[in-house]
Amino acid sequence: MALRIDPQVQEQMTRLADALGESDEAPVGDVEARRISGHRMFDFIGATSAPIEGVDTDNFSVTAGDGTELAATWYRPSTGELRGSAVLYLHGGGMIFSLEHIGSMYEIAARRYVFESGVPLLMVDYRVAPEHPHPTPVEDCYAALEWLAGNASALGCEPGRIAVMGDSAGGGLAAGVCLMARDRGGPAVAQQLLIYPMLDDRPAACDPALLRHLTWSYDDNLTGWGALLGDDAGGGDVSPYAAPARATDLAGLPDTYIDVGDLDIFRDEDIAYARRLTDAGVHTEFHLHPGCPHAFEALADGADVSKRALNDRIRRLRSL
């Protein structure tokens, strides 16, 4: 039997598509067209999502390795004592979307995670490709981890109880940051939470059964990796900090949570990464959600499967 989309996910995604109208598919390499259509969709999702109260924010500046000041927002519960834990959250966007393009949706996502878990969250506006190719995005994110660990006490947190979390490209960057922290003897990371992470620059074989369900396409993926790595994408000499699937040694990484849908082109690389983590002795929790395309919980937040996935992530955050 062929893979099929979850009916609740399908229903909500159809309503979203009807509201946005049709748009032409952008050719491989057209970053600007993707930014325009993505900006429109994410703004719509942000504008039509119910507001989440009970979360306050503080604005900070993180100094990147090259001296650039990066905007960062600290989300924290409005009331109650802090748990002592914290999370660095790295937003998605295929390596080509900054918060300028997708921030309205991530504002909702950040507030939801903090409100439901009670764990404060730092979101950094890291620089993206093609204007800033590798290693700038992952180095920006690593600088944010160092900043959070260095300022943990002032923020009411414990340096040893920091998780790194991200979705899609942010999930790949989160994995890259954890590899960096291990290899550089950097800040301790209590957990890595990788939400349908973008891990492997090597082009996946096209699965015709997935094509009509894809929300992040094979062409999108070629565009994102090409923007980040240029002509090196898919070649023989790519840093594991850019594409963590390239890492030859996964031992010593923090406890890991991964989830992905079975209608996502990242499915197989995420399954392989979870298996390799387990083989390397890393405590790993993995969820494969049937009937779910990329970013399913953002595009269809009312579906039961989306609620289950969010609850699992919240459970892991509360365990910090």
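**One side chain up close**

Guide: Start with the side chain of S306: one of its polar atoms lies 2.7 Å from the backbone oxygen of A300. That is a polar contact (a pair of N or O atoms within 3.5 Å, one able to donate a hydrogen and the other to accept it; residues adjacent in sequence count only if both atoms are side-chain atoms). This is a predicted model, where local features need pLDDT of at least 70, side-chain atom pairs count only at pLDDT 80 or more, and totals for chains, interfaces and linings use all residues. Numbering runs from 1 along each chain as its sequence is written, and side-chain values use heavy atoms, without hydrogens or water.

S306 is part of helix 10, residues 304-318. Helices (H or I, at least four residues) and strands (E, at least two) are DSSP runs numbered from the N terminus. S306 is buried, at 0% relative accessible area. Buried means under 20%, exposed over 50%, partly exposed in between (1.4 Å probe, protein chains only). Beyond its neighbours within four places in sequence, S306 touches F296, E297, A300 and D301. Contact here means heavy atoms within 4.5 Å.

Now step back to the chain. It has ten helices and eight strands. Its radius of gyration is 18 Å, close to the 20 Å from the globule rule for 320 residues, so the chain is as compact as a globular protein of that length. The radius is taken over C-alpha atoms, and the rule is 2.2 Å times the number of residues to the power 0.38. The C-alpha trace spans about 50 × 45 × 35 Å along its principal axes. Of the 320 residues, 55% count as buried.

Eight strands form an open sheet in the order 1-2-4-3-5-6-7-8, with mixed pairing. Strand 1 (55-63) and strand 8 (284-293) are its edges; each has a single partner strand, so one side of each has no neighbour in the sheet. Strands pair if DSSP finds at least two bridges between them. Strand 2 (69-77) meets strand 4 (121-124) in the antiparallel sense, over four bridges. There, T73 faces M123 in strand 4.

Helices cover this sheet. Helix 4 (136-150) lies across strands 1, 2, 3, 4 and 5, at about 165° to strand 3 (86-90). Helix 8 (267-279) packs on the sheet too, touching strands 6, 7 and 8, and makes about 155° with strand 7 (255-263). Axes are lines fitted to C-alpha atoms, for helices over the stretch in contact, and angles run from 0 to 180 degrees between N-to-C directions.
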